[in-house]
Structure formats: structure tokens, C-alpha cells
Amino acid sequence: MGGSYSQEASSCVRFASRILAKEMKRIQELEAQGFDPYENNEKPSRKIYKKDERIRIVNEINEKRQQGLSYRNACELQGIPVTTYRKWKQRLKL
């Protein structure tokens, strides 16, 4: 079959070490340019839609669908994922 398990493991460790060394070098170069990789690592805030906004958006998507647009395109125009549209449509019974 091939090499022994210890040879394969050693090869994996060497490969991982090379990848980590490259990544560390890239981070150090960025830091030297003034970039802080740990700065502003907060998640972006999500938009919270009120019920009337959700109803309006679902109705607008439904209208676009009746005009021949696909789910994906109609949702994209409204700025929401298809899964969100389907969830809202079901929960709002629209």
C-alpha cells in the first residue's frame, strides 16, 4: 500500500507547518503595513424587519412572481434571501 502511518502523519504535519508559516508571514506583512487583523472583528448587525415590512416585502415578491420573475430574482430585488421569503410567507400565511 504506501508508506507507513507515521510517514503519512509526518508528511501531513510538514504540509500544515508550511501553510501556517506562509499565513504567519502574510499576517506579519499586513501588520507591518498598519493592518490589525484583530481590529473590528464584530459581526455585522442584522436588519430587523417589523411585521408590516415583512408583509409588504412578501407581497411585492408575490407581485414580481406573477409578472414572471423567478423567486431568486424577485427576492434579490427586495434584498432578502429566498429562504427568508419562504419562511416569512409561511409564517404570515400569505
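**Entry 1: what covers α4.** I looked up what lies over the buried residues of helix α4 and found that the cover includes α2 and α3, where contact means heavy atoms within 4.5 Å and helices are DSSP runs (H or I, at least four residues), numbered from the N terminus. I note at once that this is a predicted model, in which local features need pLDDT of at least 70, side-chain atom pairs count only at pLDDT 80 or more, and totals for chains, interfaces and linings use all residues. Residues are numbered from 1 along each chain as its sequence is written, and side-chain values use heavy atoms, with hydrogens and water left out.

Helix α4 spans residues 82–92, and I listed Val82, Thr84, Tyr85, Trp88 and Leu92 as its buried residues; buried is under 20% relative accessible area, exposed is over 50%, and partly exposed is in between, with a 1.4 Å probe and protein chains only. These residues take up an arc of only 160 degrees around the axis, so they sit on the same side of α4, the arc being that of the directions from the helix axis to the C-beta atoms. Turning to the other side of α4, I found Thr83, Gln90 and Arg91 exposed.

**Entry 2: the end of α4.** I then checked the segment after α4, where Lys93 is found. Lys93 has a positive phi of about 55 degrees, although it is not a glycine. With a relative accessible area of 75%, Lys93 is exposed.

**Entry 3: α3 and its faces.** Which residues of α3 are buried? I recorded Ala74, Cys75 and Gln78, and because their arc around the axis covers only 95 degrees, they lie on the same side of α3. The face turned away from that buried side carries Arg72, Glu76 and Leu77, which are exposed. The cover over the buried residues of α3 includes α2 and α4. Just after α3, I noted that Gly79 takes a positive phi of about 80 degrees.

**Entry 4: α3 against α4.** Two packed helices are described by the angle between their axes and the distance between the axes. For α3 and α4, I read axes that come within 9 Å and cross at roughly 90 degrees, which makes α3 roughly perpendicular to α4. The axes are lines fitted to C-alpha atoms, for helices over the stretch in contact, and the angles run from 0 to 180 degrees between N-to-C directions; under 35 degrees counts as roughly parallel, over 145 as roughly antiparallel, 65 to 115 as roughly perpendicular and the rest as oblique. The contact joins Tyr71, Arg72 and Cys75 of α3 to Val82, Tyr85 and Arg86 of α4. By class, I noted 4 nonpolar, no polar and 2 charged residues in the contact of α3 with α4, taking Ala, Val, Leu, Ile, Met, Phe, Trp, Tyr, Cys and Pro as nonpolar, Asp, Glu, Lys and Arg as charged, and the others, Gly among them, as polar.

**Entry 5: α2 against α3.** Helix α2 (residues 51–66) packs on helix α3 (residues 71–78) at an angle of about 140 degrees, with the axes 9 Å apart, and this makes α2 oblique to α3. I recorded the crossing of α2 and α3 as right-handed; a crossing is left-handed if the near helix is turned anticlockwise from the far one by less than a right angle, and right-handed if clockwise. From α2, Arg56, Ile57, Glu60, Ile61, Lys64 and Arg65 meet Tyr71, Ala74, Cys75, Leu77 and Gln78 of α3. The contact of α2 with α3 has 6 nonpolar, 1 polar and 4 charged residues.

**Entry 6: α2 against α4.** Here I read an angle of about 110 degrees, with the axes of α2 and α4 10 Å apart, which makes α2 roughly perpendicular to α4. The crossing of α2 past α4 is left-handed. Lys51, Arg54, Ile55, Ile57, Val58, Ile61 and Asn62 of α2 meet Tyr85, Trp88, Lys89 and Leu92 of α4, and the residues of this contact divide into 7 nonpolar, 1 polar and 3 charged.

**Entry 7: the chain as a whole.** Last, I noted 4 helices and 0 strands in the protein chain. Of its 94 residues, 15% are buried.

Technical notes. Helices (H or I, at least four residues) and strands (E, at least two) are DSSP runs, numbered from the N terminus.
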